[in-house]
Amino acid sequence: MASEISSHQDVDPRFTIIIGAGPAGLAVGACLKQAGIPCLILEQTDKVGSAWHRHYDRLHLHTDKAHSALPFVPFPKDYPRYPSRLQMINYLEAYARQWQLEPRFGQQVSAVRPVDGGWAVETQDAHYQARQLVIATGYTREPCLPTWPGQNSFRGAVLHSSQYRNGEPFKQQRVLVVGFGNSGGEIALDLWEHGAQPSLAVRSPVNVIPRELFGMPILAISILQSKLPPRLADALNAPILRAVMGDLTQYGLRPLPWGPLTQIQRSARIPLIDVGTIQLIKRGQITVRPGIEKFTEDEVIFTDGQSSQFQAVILATGYRPRVNTFLAGVKGVYDEEGTPLSSGDESSIPGLYFCGYSVASTGMLREINLEARRISAAIARKSAGV
């Protein structure tokens, strides 16, 4: 089944192609294997979990290991509650070995199209065909790179967070981190730990939550409250969060008019899960600035009219899934930015599934676990009806 398949050959009606060998692709592969369904995983790089190899060194899971494991395989007992980037890589590699998942590496998918009641997948050097297709290429497929007037004249370094490894090259430099998501917050913290002088450009109102509350992972609390309407859960949590986090407006952080769970529901954006950044802001060791208006050769001018000199700017401005780059001829399954409209269930087109695109208060890895099981069960039911 791992060989090339031309469109005129018979294809096992149970056969499934999975695009992507990150956590979602591996999870679906393991679930299908458990169900006895043949599948092939295509991966554009030369390793599983490639995004985790590219992330910055300091990264740890913001969700606890008890709620972040893939199907059937818990994290090792000697791992800390919040595994590191390297531990996550080791876990994914061990997971693939345990389930004897052997992705076909170096396969850059260029086009996907429905054909003969199934799906044709084209890479740079091969063609594949299957009845079922699971897309699991992840949220971090394409960096989001905003630009500002004068940026090309700026003499300092401007790089996306995907290019950032650690703060060592920026020691004793004034560095502006643009964005207040979890990457931006942790990169600012990492810069300070390496002796840099970080600032955070925060354009919009924000929500901030602790990683733990009363010794309990915040994710566990979100799971307990997941059956409640987001607004009700936010109302119940608001007094506790105010007591724990304090009034952040005096430090330049404007609050959103709605709480963290409503934020996730409305905009599919996770609030900052604080791992130490807020303490440094309160101590004046990380400075909060408003949004950027423009660049000059040496300075960044902000929307409040003030300016500061920086030696480097790091864009923690997120990513886009961009599945439309290879699903260009398949309409109605993604939005204008290439983000899938569904995740974890069969899409509006029969035989097409997406896994790993749910932004939920209950944690992306936990959702991947649940989605992979649902997708496998749906494909198994179809196979049984063949």
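Trainee: How many residues lie between β4 and β5 in the hairpin that they form?

Mentor: Strands of a sheet pair through backbone hydrogen bonds, in either a parallel or an antiparallel sense. In this predicted model, three residues lie between β4 and β5 in their hairpin. Strand β4 covers residues 118-123 and strand β5 covers residues 127-130; the two pair in the antiparallel sense over four bridges.

Trainee: In what order do the strands of the open sheet run, and which are its edge strands?

Mentor: The order is β3-β4-β5, an open sheet of three strands with antiparallel pairing. Its edges are β3 (109-115) and β5, each of which pairs on one side only. From one strand to the next, the twist averages 20°.

Trainee: Which residues have the most contacts inside the largest nonpolar core?

Mentor: In soluble globular proteins, nonpolar side chains tend to be buried together. Here the largest nonpolar core has 66 residues, and Tyr-91 and Phe-180 have the most contacts inside it. Among the elements that give two or more residues to this core are α1 (23-34), α3 (85-98), α4 (182-193) and α9 (364-384). The element that gives the most is α1, with seven residues. A second, separate core of 24 residues includes Ile-19, Leu-42, Ala-130 and Ile-135.

Trainee: With which residues is Tyr-91 in contact, leaving aside its neighbours within four places in sequence?

Mentor: With those neighbours left aside, Tyr-91 is in contact with Ala-69, Leu-70, Val-73, Pro-74, Phe-75, Pro-76 and Tyr-79.

Trainee: Against which elements do the buried residues of α7 pack?

Mentor: They pack against β11 (208-210), α5 (218-224) and α6 (230-245). Helix α7 spans residues 260-267, and its buried residues are Pro-260, Leu-261, Thr-262, Gln-263 and Ile-264. Just after α7, Ala-268 takes a positive phi of about 55°.

Notes
Residues are numbered from 1 along each chain as its sequence is written. This is a predicted model: local features need pLDDT of at least 70, side-chain atom pairs count only at pLDDT 80 or more; totals for chains, interfaces and linings use all residues. Side-chain values use heavy atoms; hydrogens and water are left out. A nonpolar core is a set of buried Ala, Val, Leu, Ile, Met, Phe, Trp, Tyr and Cys residues joined through side-chain atoms within 4.5 Å. Buried means under 20% relative accessible area, exposed over 50%, partly exposed in between (1.4 Å probe, protein chains only). Contact means heavy atoms within 4.5 Å. Two strands pair if DSSP finds at least two bridges between them. Axes are lines fitted to C-alpha atoms, for helices over the stretch in contact, and angles run from 0 to 180 degrees between N-to-C directions.
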